[in-house]
Amino acid sequence: MSRITVYTTDPCSFCARVKGLLSAHGLQFAEVNLTKDPGGRVELAARTGMLSFPQVIVDGELLGGFAEVQAAADSGRLDELRAA
């Protein structure tokens with residue numbers, strides 16, 4: 001299974017939707033909630049150059065935010081991540 005990290009903040013409806021999509025596809029993920037972990041903002045910027053939420057990293061590579069995760073779900077890529 002792929003290693004997935006989700007950078008989130010509170011409140012964030014898109015963050016909740018991304019986590020729901022990943023869970024619905026049987027994917028486990030680590031969450032870095034930037035409301036509770038301000039140092040995570042520096043990590044997020046360093047890893048992705050992004051400061052918007054959510055951001056999803058798969059095996060060290062940026063997948064993207066909600067729109068990209070939804071597209072991955074629609075295309076079957078999320079199911080492929082479970083097998084990887």
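How many aromatic pairs does the count come to? The count comes to 1 aromatic pair (ring centres of Phe, Tyr or Trp, its six-membered ring, within 6.5 Å; planes under 30 degrees apart are stacked, over 60 edge-to-face, the rest tilted). This is a predicted model: local features need pLDDT of at least 70, side-chain atom pairs count only at pLDDT 80 or more, and totals for chains, interfaces and linings use all residues. Residues are numbered from 1 along each chain as its sequence is written, and side-chain values use heavy atoms, with hydrogens and water left out.

**Aromatic pair**

- F14 and F66 make a tilted pair, with 5.3 Å centre to centre and 45° between the planes.
- Helices (H or I, at least four residues) and strands (E, at least two) are DSSP runs, numbered from the N terminus.
- F14 is partly exposed at 40% relative accessibility, whereas F66 is buried at 16%. Buried means under 20% relative accessible area, exposed over 50%, and partly exposed in between (1.4 Å probe, protein chains only).

**Sheet**

- An open sheet is built from 4 strands in the order β2-β1-β3-β4, with mixed pairing. Two strands pair if DSSP finds at least two bridges between them.
- The edges are β2 and β4 (61-64); each has a single partner strand, so one side of each lacks a neighbour in the sheet.
- From one strand to the next, the twist averages 25°. Axes are lines fitted to C-alpha atoms, for helices over the stretch in contact, and angles run from 0 to 180 degrees between N-to-C directions.
- Strand β1 (residues 4-8) runs parallel to its partner β2, with 4 bridges. Y7 has V32 in β2 as its bridge partner.

**Helices on the sheet**

- Helix α1 packs on the sheet and touches β1, β2 and β3 (55-58). Its direction makes about 160° with that of β1. Contact means heavy atoms within 4.5 Å.
- Helix α2 lies across β1, β2, β3 and β4. It runs at about 120° to β1.

**Salt bridges**

- The whole structure holds 2 salt bridges (a side-chain nitrogen of Lys or Arg within 4 Å of a carboxyl oxygen of Asp or Glu).
- K19 and E31 form a salt bridge at 3.2 Å, N to O. K19 is in helix α1 (residues 13-24) and E31 in strand β2 (residues 30-33), so this pair ties together parts that are 12 residues apart in sequence.
- K19 is partly exposed at 23% relative accessible area. E31 is partly exposed at 35%.
- E43 and R47 form a salt bridge at 3.7 Å, N to O. Both residues are in helix α2 (residues 39-48), 4 residues apart, about one turn of the helix.
- E43 is partly exposed at 35% relative accessible area, and R47 is partly exposed at 37%.

- N33 sits in strand β2 and is buried, with a relative accessible area of 11%.
- The side chains of N33 and D10 are joined by a polar contact of 2.9 Å. Such a contact is a pair of N or O atoms within 3.5 Å; within protein, one must be able to donate a hydrogen and the other to accept it, and residues adjacent in sequence count only if both atoms are side-chain atoms.
- Leaving aside neighbours within four places in sequence, N33 is in contact with T8, T9 and D10.
- D37 lies in the loop between β2 and α2 and is partly exposed at 34% relative accessibility.
- The C-alpha atoms of D37 and G26 are 26 Å apart, with the two residues 11 residues apart along the chain.
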